[in-house]
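Thanks for coming. I have one model to go through today, so please look at it on the screen while I talk.

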Amino acid sequence: MWTTTTVILSAICWIFFFPISITAWLMLVPLKLFFDTDILVSPYRLLIAILIPFLASIRSVKRKSLDFVGAVLAFLIGFVLTMSNYGFISMLLAFYYSSTKLTRFKQDIKSKQDMEAEKKPRSAANVVCNSLSAVICSFLYLIETGCRETSVDLSTSHSFTSSWLSIAVLGSISSVCADTWASEVGSAMRRDTTRLITTWKHVPAGTNGGITLIGILASLCGGLFMGVVFATTLAICSPQHIFQPSLVITGMICGLIGSLVDSIMGATLQYSGFHEEEKKVVSEPGPMVKHISGENILSNHSVNLFSSFVTTLVAPFIYYYLQNTGVFSTL
């Protein structure tokens, strides 16, 4: 059933955004003929870049995964990533669908122990903070390389910049995916296994900065999953048709690093308290709230943004170091 929100979102896409995109594409035709350069993107790619993010945004609104503004931003972000590289949008969609499923994993248990775990649509702030670094790098990739897929190779100068940006996007999305997987899976397990990463003391499940063994394994799997998706998409869509296992390993490492950075910041710069009446973990001080850890400096969105930026910057150096030391010589 089409709600008012989905109708408005459809109108924004097909009455405003689609005609503007087609008009801009048609305006480039004379420039291509005059300068005799290939500056036109394929009309099929343009249609895919509009259709797939539109369908994903509509689905997210219907399933109440995102609010209206978040869905609009997700559509625009999906458009940029699809125009840049099919590998980027593949990772974003894989992250979105897998995280949505894991959010519902043992939802009844998580909602009983964490106030923020109660099911509600993700906001525009959540969308922006989880994807900002990936969008910036995707836009720079679009300017540098154009609308196409290329294999990753930091050993040659002609592909160094595009490869650097590709790995940066991989690192960013691997980080947010790994952190989401770790949070959703780890908090649903036994409560007595959660320890604060900075002091190693037992804390209630859902505490910012709390980690579990299964949560760490989940973060590794989340990063690994993003690496597999990215490497597979490039193997299918790039002219070289080469599957690069090195991207899988890099995604796994970046996922773990991003999750650990998020946990350290959560344990120190995010407030965690236990509400004595509700018997739940809360992220703000107040009456009947017993302090567990952290200072009330950053929000969860801010921590996600910072940790994704860290892995965005670190990911290319990880790949470059391992490549130069010969770790990837057989990969």
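Let me start with a question: is Ala71 buried or exposed? Ala71 counts as buried, at 0% relative accessibility. Buried here means under 20% relative accessible area, exposed means over 50%, and partly exposed lies in between, using a 1.4 Å probe and protein chains only. Ala71 sits in helix α3.

Some housekeeping. This is a predicted model, in which local features need pLDDT of at least 70 and side-chain atom pairs count only at pLDDT 80 or more, while totals for chains, interfaces and linings use all residues. Residues are numbered from 1 along each chain as its sequence is written, and side-chain values use heavy atoms, with hydrogens and water left out.

Now the overall picture. The chain has ten helices and five strands; these are DSSP runs numbered from the N terminus, helices being H or I of at least four residues and strands E of at least two. Of its 331 residues, 48% count as buried. Contact means heavy atoms within 4.5 Å. Among contacts between residues at least 6 apart in sequence, 72% join residues at least 24 apart.

Next, the cores. A nonpolar core is a set of buried Ala, Val, Leu, Ile, Met, Phe, Trp, Tyr and Cys residues joined through side-chain atoms within 4.5 Å. The largest one has 41 residues, and those with the most contacts inside it are Leu81, Met91, Ile173, Met226, Phe230 and Leu247. Seven helices, α3, α4, α6, α7, α8, α9 and α10, each supply at least two residues of this core. Helix α7 gives the most, with ten residues. A second, separate core of nine residues includes Leu46, Ile50, Phe75 and Phe79.

Back to Leu81. Beyond its neighbours within four places in sequence, Leu81 is in contact with Phe88, Ile89, Leu92, Ala134, Val135, Ser138 and Ile173.

Helix α7 also holds Ser175. Ser175 is buried, at 1% relative accessible area. Not counting residues up to four places away in sequence, Ser175 touches Cys254, Gly255, Gly258, Ser307, Ser308 and Thr311.

On to the aromatics. How many aromatic pairs does the structure hold? There are four. Rings of Phe, Tyr and Trp (its six-membered ring) pair if their centres lie within 6.5 Å; planes under 30 degrees apart count as stacked, over 60 as edge-to-face and the rest as tilted. Phe88 and Phe230 have ring centres 6.0 Å apart and planes at 25°, so this pair is stacked. Phe88 is in helix α4 and Phe230 in helix α8, 142 residues apart, and the pair links distant parts of the chain. Both residues are buried. Ring pairs also bring in Tyr141, linking Phe88, Tyr141 and Phe230 into a cluster.

Last, the sheet. An open sheet of three strands runs in the order β4-β3-β5, with antiparallel pairing; two strands pair if DSSP finds at least two bridges between them. The edge strands are β4 (280-282) and β5 (289-293), each pairing on one side only. Strand β3, residues 272-275, is joined to β5 by four bridges. One of the partners is Lys290 in β5, bridged to Phe274.

That is what I have.
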